[in-house]
Amino acid sequence: MSGLEWLAAIASALGVWLTGRRTVWCWPVMLLASVLYGVVFAQDHLYADAALQGVFAALALYGLWCWLRGVQESGQVRIATPTSQTLWRDTGITAVAGLALGLTLRAITDDPMPLSDAGLSAYSVLGQIWTAKRYRACWVLWIVVDVLYALLFVQRRLFVTAVLYAAFIGLAVQGWRQWRGVAAHSP
């Protein structure tokens, strides 16, 4: 449990909380959290998760760009509704990508849990993309991913991060509820 892990956890929680409130400030905070967690995960040999933080940093910039285009006069961001075909397609592509990454990690690294690490990383990327696109479905995906990540981090003895991901579950449920009312009213 390092000071860096604590700082990364606080920045991550703040970023998710701001996301639930549909404010573009979530993205700069998420960028900071990604950089901090990239270092934490690299130090613990969770290579897919460390690399994921680089992807998250890029997606934070993409999310900021997307959300700036969807800001309403109130300062909050409009919710977008994808087709069920889009959701299923994205989920299937992510499963294949996660498996390919997991098999690669198993072959070339000392990652102790390459398939779990890679699968969760792949679905986290999808979660970030859906969040950037303002899909309410992102919150359901985040709930599932956060439950599985909390278990992984307990096993890896990253207890601060495990508690953070347990809190993320609650924040994701809250985000789902907060976006529910506006989803029906967004153009």
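A cavity is a set of points, on a 1 Å grid over the protein atoms alone, where a 1.4 Å probe fits but cannot get out. Grid points are joined across faces, edges and corners, and a volume is the space filled by probe spheres set on the points. The model is predicted, so that local features need pLDDT of at least 70 and side-chain atom pairs count only at pLDDT 80 or more, whereas totals for chains, interfaces and linings use all residues. Residues are numbered from 1 along each chain as its sequence is written, and side-chain values use heavy atoms, with hydrogens and water left out.

View 1. A search of the whole structure finds one cavity of 30 Å³ or more. The volume of the largest cavity is about 340 Å³. Its lining (residues with an atom within 4 Å of a point) comprises 24 residues, of which Val-16, Met-30, Phe-56, Trp-142 and Phe-168 lie nearest the centre. At least two lining residues come from each of α1, α2, α3, α5, α6 and α7; helices (H or I, at least four residues) are DSSP runs numbered from the N terminus. By class, the lining holds 15 nonpolar, seven polar and two charged residues. Here Ala, Val, Leu, Ile, Met, Phe, Trp, Tyr, Cys and Pro count as nonpolar, Asp, Glu, Lys and Arg as charged, and the others, Gly among them, as polar.

**View 2. The largest nonpolar core.** A nonpolar core is a set of buried (under 20% relative accessible area, 1.4 Å probe, protein chains only) Ala, Val, Leu, Ile, Met, Phe, Trp, Tyr and Cys residues joined through side-chain atoms within 4.5 Å. The largest such core has 48 residues, and Phe-41, Trp-67, Tyr-149 and Phe-153 touch the most other members. Two or more residues each are given by α1 (3–20), α2 (26–43), α3 (47–69), α5 (114–132), α6 (138–155) and α7 (159–183). The greatest share, nine residues, belongs to α6. Beyond its neighbours within four places in sequence, Tyr-149 is in contact (heavy atoms within 4.5 Å) with Asp-49, Leu-52, Asp-117, Leu-120, Ser-121, Ser-124 and Tyr-165.

**View 3. The salt bridges.** Side chains of opposite charge can pair when their charged atoms come close. Two salt bridges are found in the whole structure, each requiring a side-chain nitrogen of Lys or Arg within 4 Å of a carboxyl oxygen of Asp or Glu. One joins Asp-44 and Arg-156 at 3.5 Å, N to O. This pair links distant parts of the chain, 112 residues apart, with Asp-44 in the loop between α2 and α3 and Arg-156 in the loop between α6 and α7. Asp-44 is buried at 18% relative accessibility, while Arg-156, at 23%, is partly exposed (between the buried limit and the exposed class, which is over 50%). The other bridge joins Arg-89 and Asp-90 at 2.8 Å, N to O. Arg-89 is partly exposed at 46%, and Asp-90 is buried at 12%.

**View 4. Two arginines with positive phi.** Arg-22, in the loop between α1 and α2, has a phi near 60°, a positive value in a residue other than glycine. Its relative accessibility of 6% makes Arg-22 buried. Arg-157, found in the loop between α6 and α7, has a positive phi of about 65°. At 62% relative accessibility, Arg-157 is exposed.

**View 5. The surroundings of Leu-64.** Leu-64 lies in helix α3 and is partly exposed at 25% relative accessibility. Leaving out residues up to four places away in sequence, Leu-64 touches Val-24 and Trp-27. Cys-26 is 38 residues from Leu-64 in sequence and 8.3 Å away in space, C-alpha to C-alpha.

Methods. 1 Å grid on protein atoms, 1.4 Å probe; cavity = no way out; pocket = protein on both sides within 12 Å on 5 of 7 lines; lining within 4 Å.
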